[in-house]
Structures are given as C-alpha cells and as structure tokens.
Amino acid sequence: MPALPYSRDFMLERMFAADAAFDGLFYTGVTSTGIFCLPSCRARKPLPAHVAFHATPAQARAAGLRACRRCHPEAFGAGVPPEEAAFWTALSGVPVAEVPGAHDLAQRLGVGRGALHRLCRDHLQRPPAAWLARERVHLAARRLLAEPDTSVAGVAFEAGYGSLSAFGAQFRRGMGVSPQAFRQGLAQGSWTLALPGDFRALEVRRDLGRDPRSPTAQVQGQRVTLGWRLPSGPRRVTLTFSGEGGGTVTVRAEPGGPLAPADALALHDLTWRALGLSAAGAGPLPAPTPAAPLAVPPGLRVPLVPDLFDGLVWAVVGQQVTFAHACTLRRRLVERCGTPLGEGLWAPPTPEAVAALLPADLRALGLTGARADLLRRLAGQVARQELNLSALARGPVGAARRTLRAVPGIGPWTAEYVLLRVLGFPDVVPAGDAALAAALQWAHQLPRRPDPPQVQALLAPYAPQRSAAVFSLWHHVHPKGAAHDP
C-alpha cells in the first residue's frame, strides 16, 4: 500500500493553506463527516483531531470514507480536475475584445470577483486583470501587423478599447512601445522598447551570458548578440541596453530591413521572454522576516529561455548534472545540429534536426542513453506538433504539468524546471533541485539541506511568486560549491 511521503504536520499546514500544488499527492480524510477531499478543497476546514491522511482515493474508500462532492477528489485522481476543466472551457470561450475588465470577466463566467481571483491564481497563476490585459494587447498586436490598412484607432476599437488613450497606455505597458511605433518596426526591422522603471538590466545580461562560452549568446557590455530562430529562419539579433534601472533596449534583427508580420511578432515575443517581461504582473514579494529571510531584489523578474524548444534542451541536459556540464552538453548539441550565423554565433537547433539524430549521435555528445532517448522523444513530439509548448504556456498550469509528466523520462524536477524557466508560470517550485536546497540551507542557516517537502514549506511565504524567489536563490544566494540553475 502506498506510503505518505510527508509528515502529518506538513500535510495539515498545506491542507489549511488549501495548496493546490499538493492535490493528488495526498488526500484529506475527515472522520467526523465521513468524506475525503483534496488539500485545496474550499469547504470548511476540519479540526486537526478529525483528520486522517491517505495516499490514494482507494485508501480513503477502504477507510470507509466517501468522495467530497465539492472538490471531486476521485475525478482528480483520474486526470483533469473538474474545476480546472470547467474554468478553462469557459475562459477559452470568452471573446476578450468584448470584456473590458476583471468585473466584466467575472460576470461573463458567472462567478463572483473573489472566486475569479482564486480561479485565476490557482489555474493561470496570474491575476485576472493581468491575464485579460495580456490577451487584449496580443490581439491588438496581431491585428496591427496583419491589417496594415486599418488605422490604429480602428484596431483599438476592434480589440475592445473604448478610447485611444487607454489603448495606448495598456499597449505600451504590455509591449514597451506605442502601437504606432510597433507597426513602424515592421518596416525597420527594429524597435526601441521602454523598460519598466525597476527593470534590472544587469541581472538580465548576466542571465543571457550565464554560459560564457555559449554559442547562441555573446554579451559585450550593454550589447548582447543572439542567435534566434524566427519563422522565416535563423537570424542574428542584437539587444542594446541603455541605462541599468529602467531605460530602453533596442532590438534589431540582422541583416536589417523589413520584417514579415510573423517574424516581427516572434522577434518581440523572444525579446520579451528573454527579458523576463512576458510573465510580469504578480506584484511585490514580501519583505524579509525571520521565517522568510530571503530579500528578493526589487524589480527582479525571471528571464525565460527565449526559444521554447531550446528550453526543453536545457531541461534534459541539466538533469542530475552540474550547470557547467549542462552547458558543455548543450554547446555540443548546438554545434552538432544548430545553424551557424558567422563570427562564432549559432542559432539553436530545430526540433526536426534533433529528432533526425540517431541515439548513438546523442550518446557521442555525452548524453546518457536515457537522456538521449528523452531528447529525441521530445524533439519528435514538438516537430509533429503533438507537444504544443505555446499552448501549454497559456495555461492552465495543472494541464501543463500533467502533459509534461506524461512524457516517459520527465520527472518532477524536469517538469517544474520547464514550468518555471520555459513556460513562465510565476508560482513554481522545483522542490528536488539540489542548488535550490543548498541555497535555502545557506539562507536559513540550517544544519542540513532541506528535503523536497521542507523546500516547499520554506518557500510557501513567497506565494504567489515563488518562481521569482527560486530564481533569486539560484542567482543571488551563492553557497560555496552549489551548482547554479541552467
């Protein structure tokens, strides 16, 4: 019979916090009512004396308990939680151009504002207003490029904005440039994007250059040269920063000249991901306390691996090895099947190119047989569009996690790394990460490294922005000898 991997006190704490991250990892049996629930159940919480925990629904039923009709724990064990399925189905049918604000979104979905905030927090990991603003701005951006004969005012009204000033302000917040300048960048092949006032350019450049021998990124002062894949093919891209707090970044695809609309959208998206701005909007992290001593630098954001498939490569080569070795493996793969762009710069390999390699080819690069098989499997799934990373990044987070864990060879660390550094969910904890445990041991002055449940407990105060706390621990807390995040 499966054993419970957590202590009773820890499970009680997560139950009272209604932490959905532990749904399916244990079940709460309530002896006074004869039911069993998911940890995240929103029903009134029982007294601790009336709680008995179970590892599976079958164990709970064997104890004489019946399933809660509110949280449907057996449905969760079978796959998709009913609440998630109902929420995502309803949200996917919302015409965002007709929904100007969070209040209107709540009415459209037929829920209260408090319920909407909880649903968005649990399943999208962002506030409803931030989700809605992003969807509407992206809709407008696509129309600005795809409909060159439509005026900016016409695009604004098509996207549901009541005034040009409101449209311009929200577009600049979401894209770093005015609607007019965004459209003009199509012909110029470049933009100068305004960065938030608290933007930490130095940290971003350090992250882009975290492998000093990277074949895909060359950092020279405030200028970063990158090899990126656009829809039309690989291109050399330069990011030139002005200022360290806020300021601007000038993005240019080389050789210069007009861009196709699809290339322009991809170029902006890659830039926004690399800068950590695609998942912004969760608010400030808590100030340090004795229970949560980590001081996350103000304005810190989590830069994402710009190319989604390259993010999967990082996740696979980083399994159970040091960061330095992961960099070596990725460099070999890029130089084996990436695209040379001259002057030592390469664009990362396509999934098709990796899928075409033989297992022996990948083992010759230094990958173990299991990781070679996993990388080829993922490359084939992405190439055949069986694994749609862009769709996973939109949410819900539970569906993304289940999809990744269903791939043979992807365990908890790999899935959580992809959720955090590739798909950009802001409240993720790769609890089994050795460098994270070492950093927490150092920050909390613990006698030994915390185990995964303790890592979850130590980072609980930073919800709903645990991804930023993890990134800060990876990059701003450097216990001697700890590996660093890829």
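Close-up A. The model is predicted, so local features require a pLDDT of at least 70 and side-chain atom pairs a pLDDT of 80 or more, whereas totals for chains, interfaces and linings use all residues. Residues are numbered from 1 along each chain as its sequence is written, and side-chain values use heavy atoms, with hydrogens and water left out. Rings of Phe, Tyr and Trp (its six-membered ring) pair if their centres lie within 6.5 Å; planes under 30 degrees apart are stacked, over 60 edge-to-face, and the rest tilted. By this rule there are 8 aromatic pairs. One of them joins Phe171 and Phe182 edge-to-face, at 5.6 Å centre to centre and with 65° between the planes. This pair links distant parts of the chain, with Phe171 in helix α9 (residues 164-175) and Phe182 in helix α10 (residues 179-188), 11 residues apart. Helices (H or I, at least four residues) and strands (E, at least two) are DSSP runs, numbered from the N terminus. Phe171 is likewise buried, at 0% relative accessibility. Ring pairs join Tyr161, Phe167, Phe171, Phe182 and Trp191 into a cluster.

Close-up B. Which residue is buried with a relative accessible area of 4%? That residue is Trp314; Phe323 also counts as buried, at 13% relative accessibility.

**Close-up C. Arginine side chains over aromatic rings.** A charge sits over a ring if NZ of Lys or CZ of Arg is within 6 Å of the ring centre and within 35 degrees of the ring normal. The charged end of Arg136 meets this criterion over the ring of Tyr161, 4.1 Å from its centre. Arg205 lies over the face of Phe241, with 5.4 Å to the ring centre.

**Close-up D. Nonpolar cores.** A nonpolar core is a set of buried Ala, Val, Leu, Ile, Met, Phe, Trp, Tyr and Cys residues joined through side-chain atoms within 4.5 Å. The largest core has 68 residues, and Leu333, Tyr417, Leu423, Leu436 and Leu459 have the most contacts inside it. Helix α13 (residues 308-317) contributes the largest share of this core, 8 residues. A second, separate core of 58 residues includes Val96, Val152, Met175 and Leu208.

**Close-up E. The buried side of helix α5.** In helix α5 (residues 102-109), the buried residues are Ala102, Leu105, Ala106 and Leu109. They lie on the same side of α5 because they cover an arc of only 100° around the axis, the arc being that of the directions from the helix axis to the C-beta atoms. Their cover includes α4, α6 and α7 (128-146), where contact means heavy atoms within 4.5 Å. Gly110, with a positive phi near 75°, follows α5.

Close-up F. Val397, Gly398, Ala400 and Leu404 are buried in helix α19 (residues 397-405). Their arc around the axis is only 165°, which places them on the same side of α19. Among the elements covering them are α4 (82-92), α6 (113-123), α18 (389-394) and α20 (412-421). Pro396 is in the loop between α18 and α19, and the peptide bond from Gly395 to Pro396 is cis, with omega near -5°.

Close-up G. Most residues other than glycine have a negative phi, and most peptide bonds are trans. The bond from Glu254 to Pro255 is cis, with omega near -5°; Pro255 is in the loop between β9 (248-254) and α12 (261-274). Gln320, which is not a glycine, has a positive phi near 55° and is placed in the loop between α13 and α14 (323-337). Gln320 is exposed, with a relative accessible area of 78%. Glu343, also not a glycine, has a positive phi of about 60° in the loop between β10 (339-342) and β11 (345-347). Glu343 is exposed at 72% relative accessibility.

Close-up H. Ser214 occupies the loop between α11 (201-208) and β6 (217-220) and counts as buried at 10% relative accessibility. Its side chain reaches the backbone nitrogen of Thr216 at 3.1 Å and that of Ala217 at 3.3 Å. A polar contact is a pair of N or O atoms within 3.5 Å; within protein, one must be able to donate a hydrogen and the other to accept it, and residues adjacent in sequence count only if both atoms are side-chain atoms.

Notes: Buried means under 20% relative accessible area, exposed over 50%, partly exposed in between (1.4 Å probe, protein chains only).
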